[in-house]
Amino acid sequence: MRSRRGSVTAWLGWRPELSSEALVVLTCLYFTVFSNGTFWRNAIVAPLAQWKLVAALFVVITALHVLLLGLLVHRAYAKPLLTVLILATAAAAYYMSAFGVYIDADIVGSVLRTDFKESGELFIWPLFASLLLALAPVALLWWVKLRRRPWQRALLARLGLLLGALAALALAAILSYQDLASLLRNHREIRYLAAPYNLIAATSKALSSTPPGSSRPKLPIGEDAKQVARAPGAKPRLLVIVVGETARAMNWGLNGYARDTTPELRKLDVINFRDVTACGSATEVSLPCMFSPYGRHDYDQDRIRSHQSLLHVLEHAGIRTVWRDNQTGCKGVCDGLAFQSLENSRAPQWCANERCLDEVLLDGLDEEIAPGPGDRVVVLHQLGNHGPSYYLRYPPQFKRFAPTCESADLGRCDRQSIVNTYDNALLYTDHFLARVIEYLQRHDAYDTALVYVSDHGESLGEKGLYLHGVPYAIAPREQVKVPMVMWFSPGFAVDARLDVACLRREADAPASHDNLFPSVLGLMDVRTEVYDTGRDLFARCRAER
């Protein structure tokens, strides 16, 4: 007779045995129920009244993932692959729920190409709590045993799984076609919330558009670029382009915001453009786009990334450029050109906790623009208002709006304290730009000018959204409307034949990132086949030489 101890040991050692197809179905059911809270909240308004749509979506989402994983999962690597997918989906589900993030190729590309300093601010305790909860299904995944079968039976079972998923999809679509069609027609963005389909599709697209490994040399543009001859003895020109980070137009004091977040610029003779639209809702998209001749009006991401930028065209024309960075790089805009990263600077007055305030961008600039022949263009890439740690973007004296959110976990703060902190960071950007202008005013060896424009905006709780990166087609205005400011020394304005009064009037008209490329070429008197006079903001206010 079998002993009681032997029975207990056998019971403790028991493990259920499943086919890989059953494991795929159970995992997909887990995703549908536990990883798609944001999807369900956006798709279903009244669950009881919409029970037919709920049932149809349940089948569609589950069957869709069964099809997808049925093609990807093999018994040999099923457990490691599903473990990574469960944990990655748990992280994605947290960000979708907490910040209103939509998962697309641009947001995944931003994550893949960022550094730990930037991404580290998003590793907050609620995320780890979500990952800890996801360890339960991972433990169950590793507890079960996967059944071994002859390959012929395994192939038939897999074909049956895929055909069954297709049949379930078709049946759900037929029985609830009208409701499903209405949802997908009126809320096309819903596909960015279906996890882990969104994560798999976005990662695949991001990796295919920019595969890992060394990048190919940029294809040339504007090799015919020439500068128009100037009067003998004319001063060289120095143009500083400040690329802002995450500054949104609606909180910009010069645009009429209730708070004066731009008190220092208001005292200077700047030209403020009130209606400016960004190329994208994330740096990874906007930066290459705004320095490209193709821009949003002729948008082709692969074409933009594979070709040279505005800075290369300026170099072709004999204008020296340098990119100074307090961020995560120039995203290919300055490939092969002078580049200086200052985010790891040791300047004690500007740097602490592995981050530097934006005024570090002025350190050592004198050496870069030492007087010499030829014009110069300097790009200063700010850290600006990069979230979620807005409170780390300014020194203590700029903490004017209170209370503030002193955490990267925005869920711990009320919305008003988040807005206060964001506005304090804008105050510091205002101060930084004023300092750049004062710096340029002191450089008598050059005729000087400044162009400031932010790369994209930011959501601060509107419609439940925070941060940025919503797919451009559905991005809210908070994420794509940005401030733009210009300043010209009297000598620069005269030499560039600029009618400043005319430009102030033009500043009330709509503008976009698409205007940057031709406007800078026009301002610096560069003639090339890639110059588009119709998009040059200065063309109507500049006399021909």
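**Cavities, a pocket and a helix pair**

Tutor: Keep in mind that this model is predicted. To start, the largest cavity is lined by Lys218, Pro288, Phe291, Ser292, Ile304, Arg305, His307, Gln308, Ser309, Lys331, Gly332 and Val333.

Student: What volume does the largest cavity have?
Tutor: Its lining has four nonpolar, five polar and three charged residues. The volume of the largest cavity comes to about 80 Å³.

Student: Which element gives the most to the lining of the second largest cavity?
Tutor: That cavity holds about 40 Å³ of space, and its lining splits into eight nonpolar, two polar and no charged residues. With four residues, the top contributor is H21.

Student: Which helix gives the most to the lining of the largest pocket?
Tutor: The largest pocket has about 990 Å³ of space, and of its 39 lining residues the closest to the centre are Ile107, Val108, Ser110, Val111 and Leu122. By class, the lining has 24 nonpolar, 11 polar and four charged residues. Eight lining residues come from the helix that gives the most, H5.

Student: Is H4 roughly parallel or roughly perpendicular to H10?
Tutor: These helices pack with their axes 9 Å apart, at an angle of about 75 degrees. Angles of 65 to 115 degrees count as roughly perpendicular, so H4 against H10 is roughly perpendicular.

Student: Which residues of H10 make the contact with H4?
Tutor: On the H4 side, you'll find Leu53, Ala56, Leu57 and Val60. The contact residues divide into six nonpolar, no polar and one charged. From H10 come Asp179, Leu180 and Leu183.

Definitions and conventions: Residues are numbered from 1 along each chain as its sequence is written. This is a predicted model: local features need pLDDT of at least 70, side-chain atom pairs count only at pLDDT 80 or more; totals for chains, interfaces and linings use all residues. Side-chain values use heavy atoms; hydrogens and water are left out. On a 1 Å grid over the protein atoms alone, a cavity is a set of points where a 1.4 Å probe fits but cannot get out, and a pocket is an open set with protein on both sides within 12 Å along at least five of seven lines; lining residues have an atom within 4 Å of a point. Grid points are joined across faces, edges and corners, and a volume is the space filled by probe spheres set on the points. Helices (H or I, at least four residues) and strands (E, at least two) are DSSP runs, numbered from the N terminus. Ala, Val, Leu, Ile, Met, Phe, Trp, Tyr, Cys and Pro count as nonpolar, Asp, Glu, Lys and Arg as charged, and the others, Gly among them, as polar. Axes are lines fitted to C-alpha atoms, for helices over the stretch in contact, and angles run from 0 to 180 degrees between N-to-C directions. Angles under 35 degrees count as roughly parallel, over 145 as roughly antiparallel, 65 to 115 as roughly perpendicular and the rest as oblique. Contact means heavy atoms within 4.5 Å.
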